[in-house]
Structures are given as C-alpha cells and as structure tokens.
Amino acid sequence: MSYEELESILLSYKDASLCFPFDDVTPVFKVANKMFALVGVTSESVSINLKCDPNDAVILRSQFKAIRPGYHMNKDHWNTVTLDGSIDDNLVKKLIDDSYVLVVGSMSLREQKRLGLE
C-alpha cells in the first residue's frame with residue numbers, strides 16, 4: 001500500500017484531519033483533535049502507528065513480523081505496522097478502523113454524539 005492510498009483511507013473517516021505537529025515529514029491523522037494514526041515514510045518503507053486493544057496487540061505481534069510495539073508510543077496500546085506487502089491490505093484497513101473506533105470510544109459521549117458516532 002502506498003502512502004497516497006493510506007492517506008486517502010485515513011482521511012475517509014468522519015471528522016478525520018491531517019496535521020504535522022512534530023515535523024514536516026511525519027503525518028498525523030486525528031479525529032476531533034485526538035490522534036488515531038501516525039505515519040512514518042522513508043525511502044525504504046511506509047509504516048503506521050495505530051491504537052490497538054492491548055490483548056489484540058500482543059496476538060498481532062506474535063502473528064506478523066511487520067507488526068511491532070508502537071515506535072515512540074505506549075507499547076501496550078499502540079502498534080507500528082510496516083506496510084511491506086506482508087500484511088493483506090484488508091487487514092491493514094481493519095487495524096485502521098479498530099484504531100479509529102478505540103479513539104472515538106475514549107471520547108466523551110457528548111463528543112461522540114457531536115460526531116454522530118455514539
């Protein structure tokens with residue numbers, strides 16, 4: 001999956017936005033000002049940090065070499081997924097969806113209602 005495809009998917013979520021709070025080369029995707037994805041792009045690869053249920057995170061890491069504890073993130077709640085072609089695009093999309101749902105689920109009911117996601 002290319003960065004362009006990834007960006008299109010991430011921005012398709014309700015109230016999703018793109019910003020660069022850390023530097024000019026690290027895109028962060030947020031929903032209502034809360035990060036649900038952080039993308040790392042190098043000349044060799046594209047990787048994405050995604051929020052994950054801690055139990056699922058451990059299982060995914062044991063099943064896929066391309067899924068590791070979140071780089072520069074809380075290792076219990078975030079995974080780094082390297083998009084090297086070893087993980088099916090449908091699974092990547094599911095992991096993105098899970099991250100979005102977890103982040104929205106941590107918001108107040110008022111904010112969820114404002115987003116129409118309660």
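Asp15 is placed in the loop between H1 and E1, the helices (H or I, at least four residues) and strands (E, at least two) being DSSP runs numbered from the N terminus. The model is a predicted one, in which local features need pLDDT of at least 70 and side-chain atom pairs count only at pLDDT 80 or more, whereas totals for chains, interfaces and linings use all residues. Residues are numbered from 1 along each chain as its sequence is written, and side-chain values use heavy atoms, with hydrogens and water left out. Although Asp15 is not a glycine, its phi is positive, at about 65°. Its relative accessibility is 35%, so Asp15 counts as partly exposed; buried denotes under 20% relative accessible area, exposed over 50%, and partly exposed the range in between (1.4 Å probe, protein chains only). A positive phi, of about 50°, is also assigned to Ala32, likewise not a glycine. Ala32 belongs to the loop between strand E2 (28–31) and E3.

The whole structure contains three aromatic pairs, where rings of Phe, Tyr and Trp (its six-membered ring) pair if their centres lie within 6.5 Å, and planes under 30 degrees apart count as stacked, over 60 as edge-to-face and the rest as tilted. One of these joins Tyr13 and Tyr100: the ring centres are 4.6 Å apart and the planes stand at 35°, so the pair is tilted. Because Tyr13 lies in the loop between helix H1 (3–11) and strand E1 (16–19) while Tyr100 lies in helix H3 (residues 89–105), this pair ties together parts that are 87 residues apart in sequence. Tyr13 counts as buried at 16% relative accessibility, and Tyr100 is buried with a relative accessible area of 6%. Tyr100 also forms an edge-to-face pair with Phe36, with 5.3 Å from centre to centre and 85° between the planes. Phe36 is part of strand E3 (residues 34–41) and Tyr100 of helix H3, so this pair ties together parts that are 64 residues apart in sequence. Both Phe36 and Tyr100 are buried. Through ring pairs, Tyr13, Phe36 and Tyr100 are linked into a cluster.

Strand E6 (residues 78–82) includes Thr80, which counts as buried at 1% relative accessibility. A polar atom of the Thr80 side chain lies 2.8 Å from the backbone nitrogen of Tyr71. When neighbours within four places in sequence are left aside, the residues in contact with Thr80 (heavy atoms within 4.5 Å) are Ser47, Ile48, Asn49, Ala66, Ile67, Arg68, Pro69, Gly70 and Tyr71. Ser47, for its part, is located in strand E4 and is buried, with a relative accessible area of 17%. Residues up to four places away in sequence not being counted, Ser47 touches Leu38, Val39, Gly40, Thr80, Val81, Thr82 and Leu83.

Trp78 is also placed in strand E6 and, at 9% relative accessibility, counts as buried. Beyond its neighbours within four places in sequence, Trp78 makes contacts with residues including Met35, Phe36, Asn49, Leu50, Arg68 and Met73.

One cavity of 30 Å³ or more is present in the structure. On a 1 Å grid over the protein atoms alone, a cavity is a set of points where a 1.4 Å probe fits but cannot get out, and a pocket is an open set with protein on both sides within 12 Å along at least five of seven lines; lining residues have an atom within 4 Å of a point. The largest cavity holds about 40 Å³ of space, a volume being the space filled by probe spheres set on the points, which are joined across faces, edges and corners. Its lining consists of Leu50, Lys51, Cys52, Leu60, Asn79, Val81, Leu95 and Asp98. Two or more of the lining residues come from each of strand E4 (46–51), E6 and H3.

The largest pocket has a volume of about 230 Å³. It is lined by 14 residues, of which Thr26, Leu38, Gly40, Asn49 and Tyr71 are the closest to its centre. E3 and E4 each supply at least two residues of this lining, and E3 gives the most, with four residues.

Notes. Polar contact = N/O pair within 3.5 Å; in protein donor to acceptor, adjacent residues only side chain to side chain.
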